[in-house]
Every structure is written in C-alpha cells, then in structure tokens.
Amino acid sequence: MDSASLQPSLYTVKAVFILDNDGNRLLSKYYDPELYPSMKEQKNFERNVFNKTHKADNEIAFLEGLTIVYKGSIDLFFYVVGSAQENELMLMSVLNCLFDSLSHILRKNVERRCLLDNMDGVFLVVDEIIDGGVILESDPQQVLQKVNYRADENPLSEQSVAQHITEKLALTTNVLQSAKEQIKWSILK
Amino acid sequence: RPRVASDPVAFSHLGSGSNPFQHLEKSAVLQEARIFNETPINPRRCLHILTKIIYLLNQGEHFGTTEATEAFFAMTRLFQSNDQTLRRMCYLTIKEMANISEDVIIVTSSSSYVFPMLSPQTTMLQAIERYMKQAIVDKVPSVSSSALVSSLHMVKMSYDVVKRWVNEAQEAASSDNVMVQYHALGLLYHLRKNDRLAVTKMLNKFTKSGLKSPFAYCMLIRIASKLLDETEGGHDSPLFDFIESCLRNKNEMVVYEAASAIVHMPNCTARELAPAVSVLQLFCSSPKAALRYAAVRTLNKVAMKHPSAVTACNLDLENLITDSNRSIATLAITTLLKTGSESSVDRLMKQISSFVSEISDEFKVVVVQAISALCQKYPRKHSVMMNFLSNMLRDDVNESVCLWLGGFDYKRAIVDCIISIIEENPESKETGLAHLCEFTRTATRPFAQVRKKGTAQNFKSAVSALAKFGAQNDDLLPSVLVLMQRCMMDSDDEVRDRATFYMNVLQQKQKALNAAYIFNGLSVSIPGLEKSLHQYTLEPLEKPFDMKTVPLATTPISEQKTDIAPVATSKLPERLAPSRQDIYQEQLAAVPEFHGLGPLFKSSEPVQLTEAETEYVVRCIKHTFARHMVFQFDCTNTLNDQLLQKVLVQMEPSESYEVIHYIPAATLPYSQPGSSYTLVRLPDDDPTAVSCTFSCTMKYLVKDCDPNTGEPDDDGYDDEYVLEDLEVTVADHIQKVLKPNFAAAWEEVGDEFEKEETFALASVRTLDEAVGNIISFLGMQPCERSDKVPENKNSHVLFLAGVFRGGHDVLVRARLALADGVTMQVTVRSGEETVVDVILASVG
C-alpha cells in the first residue's frame, strides 16, 4: 500500500491555505481535484484542521489521512498539506518559503490586516511557489525577485493611516486590559 | 507566539470590521470591472478590482459562464498596460477563471515571461509547439521551469505532443539551476515511466552526474526504489548503493528520503537497515518538530517488522515520550512498546494514559494496534492492557455521548483488539468478556440519546453492533430487544429496516440463524448485488432471485486489518469504491461475445507471461464464470518502431478444456497497453477436472513504423511470439470468503457431505510453511486467525472458508501435526458432494 502511493511525481502539495484566528479562510488553494472537490468539504476540512491545531504551535499534524505542516503568526495561520507518505521536510520547505516571502513583502508585519491590504502580492507569491501542486520555487529570494512586489508601492491614504493607528491603539489597550484581568484573577485566587 | 494570539476574544472587535474584502458583492465587483475598458488604463484601480475577483473566487463565489467570459475579454485589454504587477495579476485571474469561462485559453505565467496557450484541442497545442520547445531550453531559469511544469500539466491532455519535447527536457536537465533540474527530471520521468529500459538509463546518467537540487535527489531516490521494487533487484544492485549513498548527503531532506526508502523496501535485512536507522536516530533530537515527527514515524514502521533494529534508539525515543507535540509522543511510545522489554510496559502505558484524551482518533487507532501486538508478545501483561483498553472505552462513553459515535472506528478497533486477546489468551477470557459486557451496558445506556446527535451512517453501524452483542450474550438479549424495538420507529429508512431484520432474527433464538445473518453477514459485493437485483427486476422470471448469482466481495475484512499502516488513512471507509472485480465485470460486459456467461465469479491476480524487459510484455488475468473461463491478456508493445495489429493469444489446453473464441486486440501501438481475450469452456462431463495447463502463443500482424512520427508502413507481415505456460488451478475456482464465526458456519453447513482424509507432506519442514502452502494452493480465506501458528507448538488447526464456482459454500478444517515432515488431516464440508471431492482430489 505504501509503495503504491509513493509514486515518483512532482505533484507534492495537495493544498495550501491561510486562515485568520477565527478559522476564517483568507486564501486557499486545492491542487488535487479528487481531494475535497466541493467548497463545503474544503471548509469542513479547514475547520477541522484549525480546531486541532490553533491551540498549540506544534508545526506538524496528521489529520484525515493527510500530513499537515503549519505555522502561526500573530493572528494568522499558514498551512501546507501533503499526502500521508509525503516527505515532511519537502512540505516544510514550502511552508518556510511561503512564510519568509510574505514576511518580506509585508515588511515583517505578518498579521491579518497587513496581509489583507496586500492581498494581490500574497496571491502572486503563492502562485510563484506552487504551480498546480508542483513546487515551482523554494528559495524566498528567488520568489521575491520574480514577484517584484513591495508593500510600500501602495502608500497609505490619510484615512487608512488614521484607521490603522486607531486599530493598533485598540489592540494595545486590549492586550493591557486582558493582562490586567489576568493579574486580578491570579490575585483573587 | 504572544499569548494574545490564541485568545480570539482579544481580536474579535477588530474581526470583520478590518477586512477590506468583507461584504463584497459579486455583481458590484463585476460592475466596477467596466473600468477595464477605459482609456487610459488606471493600473491601481484595476489591480484592486482584480484582487477582489480572485478573493471572491477563493471564497467559493460562483461565477456564471457568461459573466466569466465577459470579464475575461475585458481583462485581455489590461495586458497592454506596462505595469508589471497588473499584467501578472491579470494572468493569475484568468488562470483562476479558466475552468469556468468558455473558449478561454489557459495561461501560465512566470515573471515577465508568459506562455499564453493551450486550449484542450491538440491542434492549438501543435501551434505553440515551437514556442514551447524554445521556452524549455530558455536561458532564464524561471522561464524554463515554468515551461517544464506547464508541459507536465499538459501530459494529461496530450501525451503524444509533449512526448516530442523529450530532447529539450533532456537539455534542460543539465541546467545549473536547481529548480530547472528538478522540473526537467520530473517531466522526463513522467514521459518515460512506462519504458523500464529508458528509466534505467536515465537513472544511471543522473546518479553519476551528481545533481545539485535536493528535490531532484528525492525524486531520484523514489524512482530508484520503485525500479528496485519492480525488478525485484537485489540489494547488491547499484541502485541500492545509490540510495544508501544519499544517507550521507548534506541536505536533511535527501537523507530522510533515502532512510525512508530503505525502511520501506521489502526484505531488508537488519544489517542493511542499520545505517538508515542511525540517521533517523540523529533526527530524533532535532529541534525541528517536523523532522522529529518524520523520524519517529519511520522508526515506528521499522519496529513493526524489525523491533531489534530499533532498540539502539530506545534512549532517544524515551526523550520523545514527553514531547509537546502529542503525535510525536504517541509514536515514540508505541515504538517503545514494540522494542522495549516487558518491564517497561507498565510505565509506558501509564505515560500514554496521561494524554490519551488529547490525541486524534487516527493516533488512538495506532495505540490500540500497538497494544494488540503487545498482547501477542507478552501474554502475561494482558490484564494491564485490558484495563487500559476498557478505560479508553469507558472514559469516552462517560465523557460525552457524541464522542462515542464520533470515534466509532477507533472504538471498533478497541473491541476487535479485546476480542483477539480473548482468542489468543484463554486465561484472559473471563476478564475480557466482563469488560466487553460492561462496555455494552455503558454503551447501551446512552444509545437512545445517541440517535439525536449522531449521523445516520454511524447509527446504522451501531444497530448492527448491538445485534451482535444481543446474539452473543443471553443476559443482554432482553435489553437489546427493547432498544431494537425503539429503533424500529426511527425516522431513517435503513435504520428501521435493519432493526426489524435483527429483531426478527434475534427473537428466533436459533444459533444457526444468528450465525448466518448476524455474525457472518452478507459476503457478496454490494455494487454487484445492486446490479444483479436491478437486472432481475428488468426481466421478471418465474423462479425466485438466487443469491448465488451475485458476485462475491473480494476483499475480506481481516486482510485489511492486519495490514493497516500505523497511520491509518481515515478517508478509506467513507466511499464504497467498486472492487477490482466489479471493474473487470464492467469491462467484460462490454464485449458482446461474453454475454450469456452469467455473472463473473472470480478474477485472479495478474500472471506475468513474459520476462521483464522483453520486446512485448504480456500478463494474464483469469476470469472464472459458472461454466466458462475468460483469459484476459494485457499486452504492451515496447518497440517504438513497430505497430502490432490483430493481436491474439492462441491457447493449447492439456485437458479437455475447449477454446471457443478468440477476441483479438485490434491494434497495439508503442507503449499503449491493449487487451486480447480468449474464451474457454470448462469440461461439463468431468466436474473434477479443475486444473489444466495451457501453452500460449501470441500471434499478430507487424507493421514497421517511423519511431519519430509513429507513421506505420502500409504492408505488414504475420509473426508470433511464444509465451510462458499458463496454469489453471483449483484456487481459480474458489473465491475467498471470511466467516467471522467459523464454528457457527461449520455447524450451519452440516456433515451431510463431510469427508476426511490424511496426507503426509514430506517436503515441508515447519507448520508455518505448511499453513502458507495450503492457503495459497486452495485460495481460501483463513478464519479465526488460524493462519498464524503460535511459536513452539507442534500441532495446529487451520480453518479455511470459501465459495466454489456455482455458489457452493465450502469449509475446510486442516489439523496439522509436526513430526518428521508434516502430517495433515483434512476435513471438508460443503452443501454439494462434488465440491468436496474436487478439493480432496486436488490436495492428494
């Protein structure tokens, strides 16, 4: 059974997806038409994967008969999926390349809002790394060179800067708030 | 990662508000897309709209054909823009939309170079052929890579056209760029994979030249190990040396691929495994979780067959049992359970109990299997393991009713495991049964509530499981009957049907009925039954429907069970895929000459009739019908300068078998397999004549042709090719059937036609060997795990079950005793006397 499924082939990646920290899909690509052909099956799979992985940053999981490597960053989760027999390190090299390339074009702000603001660049990066399930490139430098995309090509309008700052502030307040709560509870205990 | 990230509440107020793509309306976006037609082009706005379109497609928004086609034509204008990002997004959008819109040409793009090309018609492909050939050998690596990968995608549609680009791909393979090397190798292999000689040559070349790309190395390792497997090459082959040398590669990915390839090879000796095991041992202490996971998963596999080879890693595995990645910890513990000593069992079981609730069902099954293997090894530990198993069962039942159903597969694994412990350890019977009964009681309690939450499919299996408990256990029967009664009012048709059926059977309280309908169940193939019933309703006959005309299910349950990889694929049971035999049935039904043969009874495994690497490769599949046999010859022509026509295989039988029809394969072009059939009537007058030898000759018309264009000459000449002899044996007349409860089946058939005979197997030295020989000779299904001979015994009983051609159940009990050679007493039972005679005659 194992040798049969380890057919020598360039088709390494079954799927790749990026979810936010509520498990919502921001980008997702399925390369094997037989794997979860309908949108409903895909979203169920993503939901299941998210539920099993978002609590612990374990890097690798095995679910529904598939090997999944993943990585979290602030409020984002990046997943690369391959078959049970796939070389786990190959999948890791795809994940690392994806993450490093995005980290560069997002100028190290690998978080949801920044990703959504540069969605075109994200689509292009994914397209440069994987073509129909085949690993096209695994070196982030090469990917960046080919995509030739910079986040600061889109200077922020005044309004969006203001919005951005408000959000950042809100975020900070929130972190402080939750820290306060935690301290309070630990004292009360 | 900061603590905040895992706290969704902290972000929830930002949530939807900050998504610029939230609440996008498809129609509004398409409306906006009208600015694509404006001059001059506004790159920023257009870019934004394209992004929105891709985002919508990604979320599963459906675009109608007209919408997509219109948007596509508007987009083509944007190619004129000199904004590079815009052009690239344009290609990307078109690629995403390609499968919806009409007349769209698929576009593959790479950096500033683009290959607009390829509609499904080959004519179109030919038009771009020259362009593609140039692109494959382009000096810019990304162009070459894209062209190679696009060619690979195109192979599915037009193999013949892409095949002509082999020379260019060959040139690209010697590129300095690592990715180009990898993609060229992948394409070359894909084009040549049916030609073993060419693959061998290619491997020789690349293993010597030394590639730079680690990906290409991994690919080479896979090709080499596949070739080794197919040619059954010994481990002294240069291919094996190559794989072993990759263990010293400087890239971890390559090292792991090589180690994994060696571990997966059949018949590896402990000495050959040692270097692979020691690199895996190093990986166990890697800081990268993925590498630790890969290593321990592979070691787990080694431990199944060669536990002693892994003992050297015990210390490293011990360090992993507390790994924060529970998958790694579970695999480490189950591996240690296989390699460690009896004294460590208690400690390991305790460790795994501490987090068993955190691991996924896939790995729970791995744990249960490891325990099952352990029970065979250390029978004295059965009480510890039994306790552990029943705790696993109980915890979940009490925890939540849903889990009981959610994890049904894994529950079944536990129950199976307990049952097999009971079978193998007579002394554990009492405790085991007590645990099972307790499980049944606990499980039946929430049974009624289960219906509300579980899916219908699970519930159906639950009803069947319940019936089994009722039939096995008299004191549980009343409560099972009450539950069944309740299920008879269920809203699901099938649940009602099943419950009514089981209720009626159980109420009879007859052992024979329980055996036939609850324990042993239906052994026919479900798609086959459906087809037969459909056929029956189309042509109403006077006589009642005969179950015996239905093809039997070909994959007995127990075979799957023993072979499950440690990491079971959970997707398997969901779809009821047609079996291999159902596929053959369909293919044979398409040949008019075979109408009227009745249903297909059995199809054999393919038999090779030629040596490896000859001009023509022929294998035969024997299809058995009630009174006929059809021999299917799958022929492949490996000569690219020949076209074969009217290919048939002439057969000369040694017995009174009569060849009545040849159906030739019309043409056999280079490397495209074709099938020719020979129809043979079995001798009516002598039903005991089950074995026969056929001498086979392949006859055909040869037309020489141009190897490059494939254009054949007009004239041809007749030729023939002698194949190896083909044997038909008793096994071809018997289909395997698993009787989960052999004793009940034995009683059910009765002793009316029972016959017994004693044989001496002088040439056989061990009981294992005798058991293996009998099973493969009779082609019957071993039951009650009797195919496994316990160690250090000198007598054994083998139970075999099958159905003889024509639909007669046949059961064999073989008592074996080891003295000087093996003495065997065979008892055969069947509902038909001739069948009993045939079996005994063929054994003698």
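B:Asp323 pairs with B:Arg292 in a salt bridge whose closest N and O atoms are 2.9 Å apart; the term stands for a side-chain nitrogen of Lys or Arg within 4 Å of a carboxyl oxygen of Asp or Glu. B:Asp323 sits in the loop between helix H19 (314–320) and helix H20 (326–339) of chain B, and B:Arg292 belongs to helix H17 (residues 289–305) of chain B, so the pair ties together parts that are 31 residues apart in sequence. Helices (H or I, at least four residues) and strands (E, at least two) are DSSP runs, numbered from the N terminus. B:Asp323 and B:Arg292 are both buried, where buried means under 20% relative accessible area, exposed over 50%, and partly exposed in between (1.4 Å probe, protein chains only).

Please keep in mind that this is a predicted model, in which local features need pLDDT of at least 70, side-chain atom pairs count only at pLDDT 80 or more, and totals for chains, interfaces and linings use all residues. Residues are numbered from 1 along each chain as its sequence is written, chains are lettered from A and ligands numbered from 1 in the order in which they are written, and side-chain values use heavy atoms, with hydrogens and water left out.

Helix H17 of chain B also holds B:Asn300, which is buried with a relative accessible area of 0%.

## Other salt bridges

Over all chains, the structure holds 25 salt bridges. One of them joins B:Glu129 and B:Arg164, with 3.1 Å between the closest N and O atoms. This pair links distant parts of the chain, 35 residues apart: B:Glu129 is in helix H7 (residues 129–136) of chain B, and B:Arg164 is in the loop between helix H9 (159–163) and helix H10 (166–173) of chain B. B:Glu129 counts as buried at 11% relative accessibility, whereas B:Arg164 is partly exposed at 38%.

A further bridge connects B:Glu658 with B:Arg681, the closest N and O atoms again being 3.1 Å apart. Elsewhere, salt bridges that share partners bring A:Glu86, B:Arg222 and B:Glu257 into one network.

## A look at chain A

Chain A has 7 helices and 7 strands, and their order along the sequence is α-β-β-α-β-β-β-α-α-α-β-β-α-α. Of its 189 residues, 57% count as buried. Among chain A contacts (heavy atoms within 4.5 Å) with a separation of 6 or more, 54% are between residues 24 or more positions apart. Chain A exposes about 8100 Å², with carbon and sulfur atoms supplying 53% of it; such areas come from the Shrake-Rupley method with a 1.4 Å probe.

Helix H5 (residues 119–129) of chain A is largely enclosed by the rest of the structure, because 11 of its 11 residues are buried. Among them are A:Met119, A:Phe123, A:Asp127 and A:Glu128.

## A negative patch on chain B

B:Asp641, B:Asp704, B:Asp713, B:Asp714 and B:Asp715 form a negative surface patch. Patches are made of residues with over 30% relative accessible area and no salt bridge, like charges being joined within 9 Å and nonpolar side chains (Val, Leu, Ile, Met, Phe, Trp, Tyr) within 5 Å. B:Asp713 lies in the loop between strand S11 (692–704) and strand S12 (717–722) of chain B, and is partly exposed with a relative accessible area of 44%.

Note on methods: Lys and Arg count as positive and Asp and Glu as negative; His and the chain ends are not counted. The place of a charge is taken as NZ of Lys, CZ of Arg, CG of Asp or CD of Glu.
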